[in-house]
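Please keep the sequence and the model in view while reading.

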Amino acid sequence: MSGHWSDAPPDRVVTMRKPPSTNKLWVRAAGKPRVRSPEYSAWLLEAGWDLRRQLAGVPPVDCRFNVIIEVPISKRDSGNFEKPTMDLCEHAGLVTNDGNAHEITIRPVPREDVMVALWCLPEIGAVRKQAPSRRAGRVWSRPKANGLTWRL
């Protein structure tokens, strides 16, 4: 009998700053449906760039996967970290579709940031296609004048 999948070393490990609460991800805007809150948008941008730096040269996971998310011990519900963390993993290119998660484990541990460890499961079928970009027509680009600053 083989051991648990988490006994093997993970295929990808990244860290990110703590996300805002799930209750603070969306706000209502006058005349519009719910939109991202300014706090969530700022976190996605800052944490996204941190994550992209960690992923330089690493292809995205495009198969089923298991994931362990280690979060800080706090009064916040541990499950509150899953949505923004997995959305950021997809947004920054760690995974092609966060819907391909086969098993998600969230562990509260003594730490200040969030750690995500992924185990690829290419042998499991029924892979969801890459999620369509919600930012149609927008690409990551570098301004011509200053080669060191990146913008969306």
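In helix α2, the residues Pro-84, Thr-85, Met-86, Asp-87, Leu-88, Cys-89, Glu-90 and Ala-92 are buried, where buried means under 20% relative accessible area, exposed means over 50%, and partly exposed lies in between, with a 1.4 Å probe and protein chains only. The model is a predicted one, in which local features need pLDDT of at least 70 and side-chain atom pairs count only at pLDDT 80 or more, while totals for chains, interfaces and linings use all residues. Residues are numbered from 1 along each chain as its sequence is written, and side-chain values use heavy atoms, with hydrogens and water left out.

**Helix α2 and the overall make-up**

With eight of its eleven residues buried, α2 is mostly covered. Its buried residues pack against β1, α1, β4 and β6, contact meaning heavy atoms within 4.5 Å. The helix, residues 82-92, lies across β1, β4, β5 and β6 and runs at about 125° to β4; axes here are lines fitted to C-alpha atoms, for helices over the stretch in contact, and angles run from 0 to 180 degrees between N-to-C directions. After α2 comes Gly-93, whose phi is positive, near 95°.

The protein as a whole has two helices and six strands, which follow one another from the N terminus as β-β-β-α-β-α-β-β. These elements are DSSP runs numbered from the N terminus, helices being H or I of at least four residues and strands being E of at least two. Of the 152 residues in the protein, 35% are buried. The accessible surface comes to about 9500 Å², and 52% of it belongs to carbon and sulfur atoms, areas being computed by the Shrake-Rupley method with a 1.4 Å probe and, for residues, with only the protein chains shown counting as cover. Among contacts between residues at least 6 apart in sequence, 80% join residues at least 24 apart.

**The sheet**

Four strands form an open sheet in the order β1-β6-β4-β5, with mixed pairing. Its edge strands are β1 (12-16) and β5 (101-109), each of which pairs on one side only, and neighbouring strands are turned by 15° against each other on average, direction ignored. Two strands are taken to pair if DSSP finds at least two bridges between them. Strand β4 (residues 64-72) and strand β6 (residues 114-121) pair in the antiparallel sense over seven bridges, and the bridge partner of Ile-68 in β6 is Ala-117.

**Nonpolar cores**

A nonpolar core is a set of buried Ala, Val, Leu, Ile, Met, Phe, Trp, Tyr and Cys residues joined through side-chain atoms within 4.5 Å. The largest one has 26 residues, of which Met-16, Phe-65, Leu-94, Val-116 and Leu-118 touch the most other members. Two or more residues are given to this core by each of β1, α1 (38-54), β4, α2 and β6, and the largest share, five residues, comes from α1. Apart from this core lies another of five residues, among them Ile-68, Met-115, Ala-117 and Trp-119.

Leaving aside residues up to four places away in sequence, Val-116 touches several residues, including Val-13, Met-16, Val-67, Ile-69 and Leu-94, as well as Thr-85 and Cys-89.

**Salt bridges**

A search of the whole structure finds six salt bridges, each defined as a side-chain nitrogen of Lys or Arg within 4 Å of a carboxyl oxygen of Asp or Glu. Three of them are tabulated here.

| Pair | Closest N and O atoms |
|---|---|
| Glu-46 and Arg-17 | 3.1 Å |
| Arg-111 and Asp-113 | 2.8 Å |

The pair of Glu-46 in helix α1 and Arg-17 in the loop between β1 and β2 (26-28) links distant parts of the chain, 29 residues apart. Glu-46 counts as partly exposed because its relative accessibility is 42%, and Arg-17, at 35%, is likewise partly exposed. Arg-17, Glu-46, Asp-50 and Arg-53 are linked in a network of salt bridges.

Arg-111, in the loop between β5 and β6, and Glu-70, in strand β4, also link distant parts of the chain, being 41 residues apart. Arg-111 has 24% relative accessibility and therefore counts as partly exposed, whereas Glu-70, at 17%, counts as buried. Asp-113, with 24% relative accessibility, is partly exposed.
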